[in-house]
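Please keep the sequence and the model open while reading.

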Amino acid sequence: MLLLFIFAVISGSWALGETKQTNRFNKDHTDCTQILESQIFNASRIFIPGGDGSLQPLPAHFNCLYTIKAPANSTSGYSAKVVLKNGIKGVNDVIYVVDMRGRKETMNNKTGIGGEPYEYVLPPGTEMSIQVITKSVFMNSMFSITVEYHAAKIGPTIEMKTNREMNFIDVNTLREEGYLYATVTFIGLEPIYWSLASVQDNSIVICYDCYAIDGTLTNMTRILEVLEVIGTSQKTTVSNAVTFLTCVDDFFGVVLNTQTEFDQKILLGSTGVERYSDNWVGMRNMAPGYVIVQEVVNFDGPGIVMTDLEIKSPVCKAYVISGPPNNSSTILLDLANASVPTVFGRQYFSFLNVDCEFECTLKQFKII
């Protein structure tokens, strides 16, 4: 079983100006108490160094490192909401924070006098550290850390499909009542490229606590916020796995490709087809030597109809292929000779644009 350590000060009240207790706090952090795994459960709330979440006084000669973990394994886990209140008043007193991505922040008497709260959300499998230091003179500095745990729904680990099959999922469908986070991991034999499927109202792009982890929950290479990687190359993993985590009830459709499919001068994107609105797709190949591919997925099941099509270039070399861009996919339609409406009785396909400028609209339809 995983043992969680959160280093904290031994509970107790410190009278203002008291000096006898200062000898109990050594520079090697050994006087920080430990919180056992048995104290970590759904909706548990922990106050460090005690109290009720309000600011607590700090003695002189205090040096304590708190490592706060959100434990997770392949079957269960917890997320943690951490609220740090900075009441540092001493000129030389300081709080050092290292967040779950290794980013460092220094807090002192100029950054939060009066207990300004700083909030951090740790998805399952991550950790952060907070170090609180006071010098030799008692300066009425204070601080408080509140940690609140929530059970996470650790979802499946899915092997990447190959050949003509497309890899995709709406992560939101894995959420269950009683769990804050839901997760899913895709794992393959080579690095993975992933993209958010664009829809008319893609609210997931503004979720600050939704993540794509390069790797698995127990072996992370990078932790990325979903909103910060849109339009960047960071959607290609370093490892052979990617894990998605969501904590909101919004459509979170992702389409994934193997390195073989994206590492051949192909520019990839994806679109989710909705039932009650038309999905507009516009493509123009302005990258000589590259092929543009837009993967189209009906996340609800088979049935896609192309309702409108306008070709704007004098020459159109663009096609609808049966799956992702690889040697196993076949041509379903030559756009230069297409008519609308065109019905595809399938759950997904791709537009492969060699040299064409066109616009079209897509919509779900239900196969009876």
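A search of the whole structure finds two disulfides, a disulfide being a pair of cysteine sulfur atoms within 2.5 Å. The model is a predicted one, in which local features need pLDDT of at least 70, side-chain atom pairs count only at pLDDT 80 or more, and totals for chains, interfaces and linings use all residues. Residues are numbered from 1 along each chain as its sequence is written, and side-chain values use heavy atoms, with hydrogens and water left out.

The link of C316 and C356 is left-handed, with -95° about the S-S bond. C316 sits in the loop between β23 (304-311) and β24 (317-321), and C356 in the loop between β27 (348-355) and β28 (357-364), so the pair ties together parts that are 40 residues apart in sequence. C316 counts as buried because its relative accessibility is 13%, and C356 counts as buried because its value is 3%.

Now the chain as a whole. The chain holds one helix and 28 strands, where helices (H or I, at least four residues) and strands (E, at least two) are DSSP runs numbered from the N terminus. Of the 368 residues in the chain, 51% are buried. The accessible surface of the chain is about 17,600 Å², and carbon and sulfur atoms account for 51% of that surface; accessible areas come from the Shrake-Rupley method with a 1.4 Å probe, and for residues only the protein chains shown count as cover. Among contacts between residues at least 6 apart in sequence, 80% join residues at least 24 apart, a contact being heavy atoms within 4.5 Å.

Strands β16 (residues 211-216) and β17 (residues 219-225) run antiparallel and are joined by six bridges; two strands pair if DSSP finds at least two bridges between them. Two residues lie between β16 and β17, which form a hairpin. Within this pairing, D214 stands opposite R222 in β17.

Next comes the interior. In soluble globular proteins, nonpolar side chains tend to be buried together. A nonpolar core here is a set of buried Ala, Val, Leu, Ile, Met, Phe, Trp, Tyr and Cys residues joined through side-chain atoms within 4.5 Å. The largest nonpolar core has 60 residues, of which I130, I145 and F244 touch the most other members. Strand β11 (residues 142-153) gives the most to this core, with five residues. At least three residues of this core come from each of domain 1 (37-152) and domain 2 (157-364), with domain bounds taken from an automatic or database domain assignment. Another core lies apart from this one and has 19 residues, among them I304, M306, F349 and C360. Leaving aside neighbours within four places in sequence, I145 is in contact with I46, F47, I48, Y66, I68, V82, V83, L84 and I130.

Most residues other than glycine have a negative phi, and most peptide bonds are trans. I48 and P49 are joined by a cis peptide bond, with omega about 5°, and P49 is in the loop between β3 (45-48) and β4 (56-57). A cis peptide bond also joins V340 and P341, with omega about 0°; P341 is in the loop between β25 (331-334) and β26 (342-344).

N140 is not a glycine, yet its phi is positive, near 60°. N140 lies in the loop between β10 (127-133) and β11 and counts as partly exposed because its relative accessibility is 34%. N163, likewise not a glycine, has a positive phi of about 60°. N163 is placed in the loop between β12 (157-159) and β13 (167-170), and at 48% relative accessibility N163 counts as partly exposed.

Notes
Buried < 20%, exposed > 50% of the residue type's maximum accessible area, 1.4 Å probe, protein only.
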